[in-house]
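Biologist: Could you take me through this one, starting with the ligand and then the charged pairs?

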Amino acid sequence: MDEAEVLAEQARRLFAGRVEFLKSAPGLQFLPDPDFPELAFAGRSNVGKSSLINAVTGRKAIARASVTPGRTQELNFFDVGEPTKLRLVDMPGYGFAKAPIKVVDAWKRLVRDFLRGRAVLKRTLVLIDSRHGVKDVDRDMMKMLDEAAVGYRLVLTKADKIKASELETVLIATQAEARKHSAAFPVVHVTSSEKGMGIAQLRAAILEDAAL
Ligand SMILES: Nc1nc2c(ncn2[C@@H]2O[C@H](COP(=O)(O)OP(=O)(O)O)[C@@H](O)[C@H]2O)c(=O)[nH]1
Ligand SMILES: [Mg+2]
């Protein structure tokens, strides 16, 4: 086995073991103690954050796929490993239509303060819907991460929903976006939570990032 295969096998084993919902934090005062490396999942409402956490952890519904997008303004923490080795963070979604200014401001404050102050946050995954590509709201998120100096990976979601040729086009465009941002990892992941595509590779990437 080469190094990549060893890492992939370690990642598979880790996520096949204990994964447990820890808590929801609607404000910074509710954050868990920063005892373990954290990996956050960010993206527009409905992009597939919760579904991707479920796919990565191999659980059907550890992260709730929401029926009403944009309603949850909280950070959700999940412990992985026995004893805990790392934590996944499901961040509140952004870009929802018709959100009152007050809600958007509260989101921004919560997310920005979390990103700036969380020393154990090793990397963020910024999810991009394959059908839509990178939007201005995603660029705002990427800028926030650049400014907080939190490294991130761009992850295309719902790859099963478009043709291979379209996927290739959106992948090239997304890679070009990544190159424009100082804190973005150059490799873009392509995933489908529905079909399991790219999930093993993402697990390995998460494990690698947690060890930073
Ligand atoms: N076809 C397909 N649908 C998906 C995929 N991932 C998520 N979805 C669907 O997209 C919707 C939003 O997903 P969810 O995980 O709740 O998004 P979140 O708001 O970002 O947490 C749900 O109806 C999911 O079933 C995928 O990989 N393929
Ligand atoms: Mg969700």
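Modeller: By class, the shell around ligand 1 holds 2 nonpolar, 8 polar and 6 charged residues, where Asp, Glu, Lys and Arg count as charged, Ala, Val, Leu, Ile, Met, Phe, Trp, Tyr, Cys and Pro as nonpolar, and the others, Gly among them, as polar. This is a predicted model, in which local features need pLDDT of at least 70 and side-chain atom pairs count only at pLDDT 80 or more, while totals for chains, interfaces and linings use all residues. Residues are numbered from 1 along each chain as its sequence is written, chains are lettered from A and ligands numbered from 1 in the order in which they are written, and side-chain values use heavy atoms, with hydrogens and water left out.

Biologist: Which side-chain atom lies 2.6 Å from an oxygen atom of ligand 1?

Modeller: That is a polar side-chain atom of Ser 51, whereas Asn 46 has a polar backbone atom 2.8 Å from an oxygen atom of the ligand.

Biologist: Switching topic, are Asp 209 and Arg 123 buried or exposed?

Modeller: Both Asp 209 and Arg 123 are buried, meaning under 20% relative accessible area, with exposed being over 50% and partly exposed in between (1.4 Å probe, protein chains only). They form a salt bridge with the closest N and O atoms 3.0 Å apart, the term standing for a side-chain nitrogen of Lys or Arg within 4 Å of a carboxyl oxygen of Asp or Glu.

Biologist: And how far apart are Lys 158 and Asp 129, N to O?

Modeller: The side chains of Lys 158 and Asp 129 meet in a salt bridge at 3.8 Å, and both residues are buried.

Technical notes
A polar contact is a pair of N or O atoms within 3.5 Å; within protein, one must be able to donate a hydrogen and the other to accept it, and residues adjacent in sequence count only if both atoms are side-chain atoms.
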